[in-house]
Amino acid sequence: LEPCGCASGQLGGLARRLQHIGERRDYDLLLEGGDLVETATELDGLKLLTIRQLLVDMGKYDALGVGPRDLALPRDQWAAFLAGAPLIASDVVGKTEDWPAQPFVEKTVRDVRVRIASLLLELPEALRGEGSGLSLLPPADGWKRALDGSDAATRRILFVHGDDVQIRKLLPQLTPRPDLVVSVDRGV
């Protein structure tokens, strides 16, 4: 949860992130793409709880994307720790009542409506199949689901859990086009 200290000028680490946010209170939106943990160990579960408390309860983040690494944690633990957080997973549909993610988060920023969506593109292998409690929509359907009820004046921000090649192939399929696309590259 802390930077290693191997280079100066890092903004990494939750403590530094929150200090930076606290020093600059003029942000319109605070967004996190997801993949908040690396693996599915018990320690990673506790890290997720801490991250949720810091980013949502103290940091007042407006939206948190759901990443494939996040989904690797045990579902009951994950759902309990993130219940009530502004989670977005536009192309992932939870089949249980405890699924905490929504298709989008919408905020008004400087009198402009902004809708934030997130596309996972693929479920982790362990969660593919009937017994997983999750299903994955085609990306264009997830995008439509996220935009349902919005108007043409709404600004559209999209997190995509994929690399630049995947995103370039995806964008022509999305109507209307996003105003901003943020890559949450799994390779990083």
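User: Which residues is Leu 71 in contact with, leaving aside its neighbours within four places in sequence?

Analyst: Val 66, Trp 78, Trp 99, Leu 120, Leu 123, Pro 124, Leu 127 and Leu 134. Contact means heavy atoms within 4.5 Å. This is a predicted model, where local features need pLDDT of at least 70, side-chain atom pairs count only at pLDDT 80 or more, and totals for chains, interfaces and linings use all residues. Residues are numbered from 1 along each chain as its sequence is written, and side-chain values use heavy atoms, with hydrogens and water left out.

User: What makes a set of residues a nonpolar core?

Analyst: The set must consist of buried Ala, Val, Leu, Ile, Met, Phe, Trp, Tyr and Cys residues, joined through side-chain atoms within 4.5 Å. Buried means under 20% relative accessible area, exposed over 50%, and partly exposed in between (1.4 Å probe, protein chains only). The largest such core here has 28 residues. Leu 71, Trp 78, Leu 87 and Trp 99 have the most contacts inside it. α1 (14-23), α2 (42-58) and α4 (75-82) each supply at least two of its residues. α2 gives the most, with 5 residues. Another core, of 10 residues, lies apart from it and includes Leu 119, Leu 158, Ile 167 and Leu 174. In soluble globular proteins, nonpolar side chains tend to be buried together.

User: Why is the pair Lys 107 and Asp 62 called a salt bridge?

Analyst: The rule asks for a side-chain nitrogen of Lys or Arg within 4 Å of a carboxyl oxygen of Asp or Glu. Lys 107 and Asp 62 meet at 3.4 Å, N to O, so the pair qualifies. Lys 107 lies in strand β5 (105-109) and Asp 62 in the loop between α2 and β2 (63-65), so the pair ties together parts 45 residues apart in sequence. Helices (H or I, at least four residues) and strands (E, at least two) are DSSP runs, numbered from the N terminus.

User: Is Asp 62 buried or exposed, and how do you know?

Analyst: Asp 62 has a relative accessible area of 14%, so it counts as buried. Lys 107, at 33%, is partly exposed.

User: How do you know that Glu 122 and Arg 128 form a salt bridge?

Analyst: Their N to O distance is 3.9 Å, so the pair meets the cut-off. Glu 122, at 38% relative accessibility, is partly exposed. Arg 128 is also partly exposed, at 48%.

User: How many salt bridges does the rule give, and which residues form a network?

Analyst: The count comes to 9. Glu 106, Arg 113, Arg 115 and Asp 151 are linked in a network. Within it, Glu 106 and Arg 113 have their closest N and O atoms 3.2 Å apart.
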